[in-house]
Amino acid sequence: MTLRALFHVQHLLGIGHVMRVAQVARETAALGLQVTVLSGGGRLGLDWGGAEVRDLPSARARDGRFEVLVDEGGRPLDGAFHQRRRGLVLEA
C-alpha cells in the first residue's frame, strides 16, 4: 500500500507559508510517501523534492490590508473562479 499526503498552500502576499510547505513536502516525500501539493499562489521556482505540484488558479491579496482577493489579472475573485478552483481541489 502506498501512503499518500496532500498539502494545500495559498500565499496571498508573502511567500512564508509556501516556503514552509515546500520544506514539509520535500521531507515527507523523502520518507517515501506519494506527495501532492495544491498551490494557489503561482509557481515560485521552489524545490519541491519528489512532490507533485498542481497549480490552482492563482489568487493574491490586492494589498497588505487583505480586504480584496484578486486573480492573476488583478480582477476580484468571483463565483466562477471559486467553482473552478473547488473542482480542481476535489479532483486531486
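Which residues does T28 touch, not counting residues up to four places away in sequence? Keep that in mind while you set up the view.

**Before you start**

This is a predicted model, in which local features need pLDDT of at least 70, side-chain atom pairs count only at pLDDT 80 or more, and totals for chains, interfaces and linings use all residues. Residues are numbered from 1 along each chain as its sequence is written, and side-chain values use heavy atoms, with hydrogens and water left out.

**Stop 1: the whole chain**

Show the protein as a cartoon. There are two helices and five strands. Helices (H or I, at least four residues) and strands (E, at least two) are DSSP runs, numbered from the N terminus. Trace the chain from the N terminus and the order is β-α-β-β-β-β-α. The C-alpha atoms fill a box of roughly 40 × 25 × 20 Å along the principal axes.

The protein exposes about 6000 Å². Carbon and sulfur atoms supply 52% of that area. Accessible areas come from the Shrake-Rupley method with a 1.4 Å probe, and for residues only the protein chains shown count as cover. Of the 92 residues, 32% count as buried. Buried means under 20% relative accessible area, exposed means over 50%, and partly exposed lies in between (1.4 Å probe, protein chains only).

Contacts come next. A contact means heavy atoms within 4.5 Å. Take the contacts with a separation of 6 or more: residues 24 or more positions apart account for 47% of them.

**Stop 2**

Select T28, in helix α1. T28 touches A5, F7, L33 and V35, leaving out residues up to four places away in sequence. T28 counts as buried because its relative accessible area is 13%.

Step back to E27, also placed in helix α1. E27 is partly exposed, at 47% relative accessibility. Draw a line from E27 to E91. They are 64 residues apart along the chain, and their C-alpha atoms are separated by 24 Å.

**Stop 3: the nonpolar core**

Select A5, V9, V18, V21, A22, A25, A29, V35, V37, W48, A51 and V53. These 12 residues form the largest nonpolar core. Such a core is a set of buried Ala, Val, Leu, Ile, Met, Phe, Trp, Tyr and Cys residues joined through side-chain atoms within 4.5 Å. Colour the core by element: β1 (4–9), α1 (16–30) and β2 (34–39) each supply at least two of its residues. Helix α1 gives the largest share, five residues. In soluble globular proteins, nonpolar side chains tend to be buried together.

**Stop 4: V53**

Stay on one core member, V53. V53 sits in strand β3 (residues 52–55). Is V53 buried or exposed? V53 is buried, with a relative accessible area of 15%. Beyond its neighbours within four places in sequence, V53 is in contact with V37, S39, R43 and W48. Then pick G42. V53 and G42 are 11 residues apart in sequence and 11 Å apart in space, C-alpha to C-alpha.

**Stop 5: the cavity**

The structure holds one cavity of 30 Å³ or more. On a 1 Å grid over the protein atoms alone, a cavity is a set of points where a 1.4 Å probe fits but cannot get out, and lining residues have an atom within 4 Å of a point. Points are joined across faces, edges and corners, and the volume is the space filled by probe spheres set on them. About 40 Å³ of space lies in the largest cavity.

Select its lining: V18, S39, G42, R43, L44, G45, L46, W48, V53 and D55. Five of these are nonpolar, three polar and two charged. Here Ala, Val, Leu, Ile, Met, Phe, Trp, Tyr, Cys and Pro count as nonpolar, Asp, Glu, Lys and Arg as charged, and the others, Gly among them, as polar.

**Stop 6: F66 and L69**

Go to F66, in the loop between β4 (59–61) and β5 (69–71). Check its backbone. Phi of F66 is near 60 degrees, a positive value in a residue other than glycine. F66 is partly exposed, at 42% relative accessibility.

End on L69, in strand β5. L69 is partly exposed, with a relative accessible area of 33%. Apart from neighbours within four places in sequence, L69 is in contact with L12, R60, A61, R75, P76 and L77. Finally, pick R86. The C-alpha atoms of L69 and R86 are separated by 16 Å, and the two residues are 17 apart along the chain.

Terms used:
1 Å grid on protein atoms, 1.4 Å probe; cavity = no way out; pocket = protein on both sides within 12 Å on 5 of 7 lines; lining within 4 Å.
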